[in-house]
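Dear colleague,

Please read the notes with the model open beside you.

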Amino acid sequence: MRLSRYFLPVLKENPSEAQIVSHRYMLRAGMIKQQAAGIYSWLPLGFKVLKRVEEIVHQEQIRAGHIPLLMPTLQPADLWRESGRYDDYGQEMLRIKDRHDRDMLFGPTNEEMITDIFRSHVSSYKNLPLTLYHIQWKFRDEVRPRFGVMRGREFLMKDGYNFDLTREDALHAYNRHLVSYLRTYERMGLQAIPMRADSGPIGGDDTHEFLVLAETGESEVFYDAAVTDIRMGAREINYDDKAQCQSVMEEFTALYARTDETHDAALFEQVPAERRRSARGIEVGQIFYFGTKYSESMGATVVTPDGSRVPVEMGSHGIGVSRLLGAIIEANHDDKGIIWPEGVTPFHVGIVNLKQGDAGTDAACTEIYQALVAAGLDALYDDRDERAGAKFATMDLIGLPWRITIGPRGLSSGVVELTSRRTGVSTEFTAAEAVVKLLEIYAAH
Ligand code: 5CA
């Protein structure tokens, strides 16, 4: 993409309404525009990152054996009357009437609708286990929408629902989600720690939230510092292997890590004093096991091998897809702007032409731009007639992990400069070497 033809409305001034760094940079980098409290348009750069985050979520869900579908944003109120949540949900639910005076709502989550789909089509244990998920916009009329996409009213969520015959199978689904979430966050350059939490309006006994540690996080958390040393890394996971998923779950949840809702001061005292931490965190996901809470009230039953009928065992599992962009920026930035992890960057590399209008540098920039595109890399070429300083500032703000700088001096000795946004370190390469180097870097992502 040539920047002169792109739509990147960067802001020079700090927007006064933004209290935290991710919100400030998302507005300044022209990623989002607020349309109403907690409701945003996703401008091209923001939309590109959102799609990349969404793609990683899809890939890891499919890897875990979970099946994508798509449910609507609007739901009939009657489904929610069946589960009893229509009245319970309170003012967070946006209630709408259609022209026939029927009660509708903008879905804040989909337990009822997925249970309805299940009961319409599945009636035998032979179709289990089954996990269905979608990535769809939700609406929650939050009292205090704030911090940009962190606490929106309209937000994008991945929500998945497992259906199993036995409690043991449902707990395996819970573990599978836990493992797949850990992989998902790590691919985005984030460490998200599973912490014992409270189930709130979703219900159920077993639940973990995934917390990214950040000073600006809304949740208060207490944990054993040793938990921050554990990584999924590149280990191979067989998602059908119950014992393996269980052991990863135990490894990541054995140490003390809880949100304030379930914090137990006496238990926390047993953590060695030098490892006891209290901090703040951003909740980027939550998994729930709730058994037959919805299947019983909504009549979702299956025939068992011995011919009897039982309500299906369920759980639900959510990732805050749009919130993740805020969390990634909170964890990856400096005072000049965003520093995208390679896994989610909107463009792989930016090209800065130091002397726009000079025939030699223009031709060299076009050539390397075309070579990058031909190699399958997504490059943003700043071909605007601007000072070099302004171009560097824009690149630093929008946070592409790599920048190629091309000017007459380097070209006279046949080199361009490849600079890491994270370390600031520059290395000289020929244009062809720079392309190869970038291909190597991105092969791992
Ligand atoms: N049905 C369950 C699991 S699918 C559920 O709704 N869980 S949840 O309430 O915990 O939401 C899942 C994730 O969505 C949260 O962990 C959080 O990351 C994200 N989320 C929740 N509310 C908001 C909001 N107002 N703005 C942005 N993201 C949100």
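How much space lies in the second largest pocket? Please bear in mind throughout that this is a predicted model. The second largest pocket holds about 340 Å³ of space, and among the 21 residues that line it, Y174, R196, H208, M249 and T253 lie nearest its centre. At least two lining residues come from each of α6 (167–187), β9 (192–196), β10 (206–213), α7 (242–253) and β12 (257–259), and by class the lining of this pocket divides into 11 nonpolar, 5 polar and 5 charged residues.

The largest pocket contains about 900 Å³ of space, and of the 44 residues that line it, R140, R151, E283, Q286 and R323 are the closest to its centre. Its lining draws at least two residues from each of β8 (154–164), β11 (219–224), β13, β16 and α10 (321–331), with β13 giving the most, namely 7 residues. Sorted by class, the lining of the largest pocket has 14 nonpolar, 16 polar and 14 charged residues.

It is in this largest pocket that the ligand sits. There are 22 residues around the ligand, and T109, E111, R140, G152 and E283 come nearest to it. The shell takes at least two residues from each of β8, β13 (276–291) and β16 (313–320), and β13 again gives the most, here with 5 residues; by class, the shell comprises 7 nonpolar, 8 polar and 7 charged residues.

An oxygen atom of the ligand is 2.4 Å from an N or O atom in the side chain of E283, while a nitrogen atom of the ligand is 2.8 Å from a polar backbone atom of G152, and a polar side-chain atom of Q286 lies 3.1 Å from an oxygen atom of the ligand. Taken alone, the ligand exposes 600 Å², of which the protein buries 96%.

The structure holds 1 cavity of 30 Å³ or more, and the volume of the largest cavity is about 40 Å³. Its lining is made up of Y40, W42, W137, V149, G152, E154, F155 and S322, with β2 (39–42) and β8 as the elements that give two or more residues to it. Of these lining residues, 5 are nonpolar, 2 polar and 1 charged.

With best regards

Definitions and conventions:
Residues numbered from 1 in each chain as written. Predicted model: local features only at pLDDT ≥ 70, side-chain atom pairs only at ≥ 80, totals over all residues. Heavy atoms only, no water. 1 Å grid on protein atoms, 1.4 Å probe; cavity = no way out; pocket = protein on both sides within 12 Å on 5 of 7 lines; lining within 4 Å. Points joined across faces, edges and corners; volume = space filled by probe spheres on them. Helix = DSSP H or I, 4+ residues; strand = E, 2+ residues; numbered from the N terminus. Nonpolar A, V, L, I, M, F, W, Y, C, P; charged D, E, K, R; others polar. Near = heavy atom within 4 Å. Polar contact = N/O pair within 3.5 Å; in protein donor to acceptor, adjacent residues only side chain to side chain. Areas by Shrake-Rupley, 256 points an atom, 1.4 Å probe, with all protein chains shown as cover. Sits in = over half its atoms within 2 Å of the grid points.
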